[in-house]
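Hello,

Here is the structure I promised to pass on to you. Have a look at it first, and then read on for my notes.

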There are 2 protein chains.
Amino acid sequence: MALDFTSVEDAESILREVWDLIDIVEVGTPFIIKEGLGIVEKIKKEYPKLTVLSDLKIMDAGEHESKAAFESKADIITVLGVSDNATIIAAVTQAKKINKEVMVDMICVEDLEKRVAEIDKLGVDYICVHTAFDVQATGKNPLEELQKVKKILKNAKTAVAGGVKVETLRPIIKEDPDIIIVGGAITGQKDKRSAVLKMKEIMKQAEEQKNEY
Amino acid sequence: MALDFTSVEDAESILREVWDLIDIVEVGTPFIIKEGLGIVEKIKKEYPKLTVLSDLKIMDAGEHESKAAFESKADIITVLGVSDNATIIAAVTQAKKINKEVMVDMICVEDLEKRVAEIDKLGVDYICVHTAFDVQATGKNPLEELQKVKKILKNAKTAVAGGVKVETLRPIIKEDPDIIIVGGAITGQKDKRSAVLKMKEIMKQAEEQKNEY
């Protein structure tokens, strides 16, 4: 679950409501920018059993920024796929030293297949296909990209983000991504707990169907 | 002058030393990530006459992130040239409402000339050619890119960043950029004030030479 457009107070309240149902809490870019990395440390301290994803979208200064993120106790950090390989490699080097993970966010990468093949050789843990918030209104969603990426990857695991909601969850699960990131479809609902439960039910059904075959 | 890899304490001390010599103070990406946007507001409050550049490197959620940055009293904010046009346009829209400015950072843009021509039509105030910190060790510097961009721009002003120092300043000034961003070549020096004075002297000489012709 991603916390993007939220105050510290609202984030705390959302986490109290759903923390036992989720695996990963993502501290989103707008939230980090507003509060600084202290908010990542605070959340990890309060929920030590949750994996904390720090969505820094690192574009440069890979060593310095990933170090700072890991010092604030993030378990996974994001680097942009449009950044230089040197930046991605620097973040991976920091992560490997302390057994933490790097996710590369493929948002706005032009030649997705070519870039995925390159980045897959750099030792990153996850490749995340991500439809930008600013283009979700066009109806674009990350499913097709996930299918493409799945065919190419030899090393990294997959994550998917960008407007995922109850209605779009089933076909995404079918592609078997390792992480599904959901933001507004939980945090924007009045009853957040039942939104998560609904999604988990869909995931469970999909799992059972898979096991039947 | 850019404040990137610094503590709040060191930033305050650097500003006390050189504030009267500089025009713009850039609150760099790693500094914002660490401290949150509160640090931008703090610096603007302490130095209201300095233009404050908030180097957010916005990649998505252009409306929300630029709003947050302008609420923290930034005068100029950065958006990434690799982001979607929708993101750049959203930031420009916010800026124009309150008479503030948007700089687009061309770091890691592959087809620079094509993308500059596109972005120049979106109403942005500055196009910044920027050699990534992580690739400066290869000897790359932003001069050649500045020359290319200058030939294309019809609307936006120019900025240049990425490893600019005393030794590389003259040829850059010759290209007449509107903003020259210097980080480590000031903040990494023991005597920061004399580093700035040396650069200003070079700028003055270049100006005089230009006026002679």
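**How the two chains meet**

In this predicted model, 31 residues of chain B are in contact with 31 residues of chain A, where contact means heavy atoms within 4.5 Å. The area buried between chain B and chain A is about 2400 Å², and carbon and sulfur atoms give 67% of that area. Buried area here is the accessible area (1.4 Å probe) that two parts lose on being put together, summed over both.

Some housekeeping before the details. Residues are numbered from 1 along each chain as its sequence is written, and chains are lettered from A and ligands numbered from 1 in the order in which they are written. Because the model is predicted, local features need pLDDT of at least 70 and side-chain atom pairs count only at pLDDT 80 or more, while totals for chains, interfaces and linings use all residues; side-chain values use heavy atoms, with hydrogens and water left out.

Back to the interface. Between chain B and chain A there are 14 residue pairs in polar contact, both residues at pLDDT 80 or more. A polar contact is a pair of N or O atoms within 3.5 Å; within protein, one must be able to donate a hydrogen and the other to accept it, and residues adjacent in sequence count only if both atoms are side-chain atoms. Zero salt bridges are found across this interface, a salt bridge being a side-chain nitrogen of Lys or Arg within 4 Å of a carboxyl oxygen of Asp or Glu.

Which parts of chain B touch chain A? H2, strand S3 (51-58), helix H4 (62-71) and H5 of chain B each supply at least two residues of that side. The largest share, six residues, comes from H2(B). Helices (H or I, at least four residues) and strands (E, at least two) are DSSP runs, numbered from the N terminus.

**Symmetry**

Chain B is superposed on chain A by a rotation of 180 degrees with 0.0 Å of shift along its axis (RMSD 0.0 Å). The two copies are thus related as by a two-fold rotation axis. In chain B, the C-alpha nearest the axis belongs to B:Gly36, 1.8 Å from it. The superposition is by least squares on the C-alpha atoms of residues with pLDDT of at least 70 in both copies. Of the interface residues of chain B, 100% are also interface residues in chain A, so the copies meet through the same surface.

In H4(A), the buried residues include A:Gly62, A:Glu65, A:Ser66, A:Ala68, A:Ala69 and A:Phe70. Buried means under 20% relative accessible area, exposed over 50%, and partly exposed in between (1.4 Å probe, protein chains only). Their cover includes strands S3, S4 (76-80) and S5 (101-105) and helix H5 (85-97) of chain A, together with helix H2 (29-35) of chain B. Just after H4(A), A:Lys73 takes a positive phi of about 75 degrees.

On the chain B side, the buried residues of H4(B) pack against helix H2 (29-35) of chain A as well as S3, S4, H5 and S5 of chain B. One of these buried residues is B:Ser66, with a relative accessible area of 0%. The side chain of B:Ser66 reaches the backbone oxygen of B:Gly62 at 2.5 Å. Beyond four places in sequence, B:Ser66 is in contact with B:Ile58, B:Ile77, B:Ala90, B:Ala91 and B:Gln94.

**A few more residues to look at**

B:Ile88 is found in helix H5 of chain B and is buried at 0% relative accessibility. Leaving out residues up to four places away, B:Ile88 touches residues including B:Val79, B:Val104, B:Ile119 and B:Val124.

A:Lys57 lies in strand S3 of chain A and is buried, with a relative accessible area of 13%. Its side chain is joined to that of A:Asp55 by a polar contact of 3.0 Å. Leaving aside neighbours within four places in sequence, the contacts of A:Lys57 include A:Asp105, A:His130 and, from the other chain, B:Met59.

Finally, the cysteines. How many disulfides are there over all chains? The count is zero, taking a disulfide as a pair of cysteine sulfur atoms within 2.5 Å. For A:Cys128, the nearest cysteine sulfur is that of A:Cys108, 12 Å away. A:Cys128 is buried, with a relative accessible area of 2%.

Best wishes
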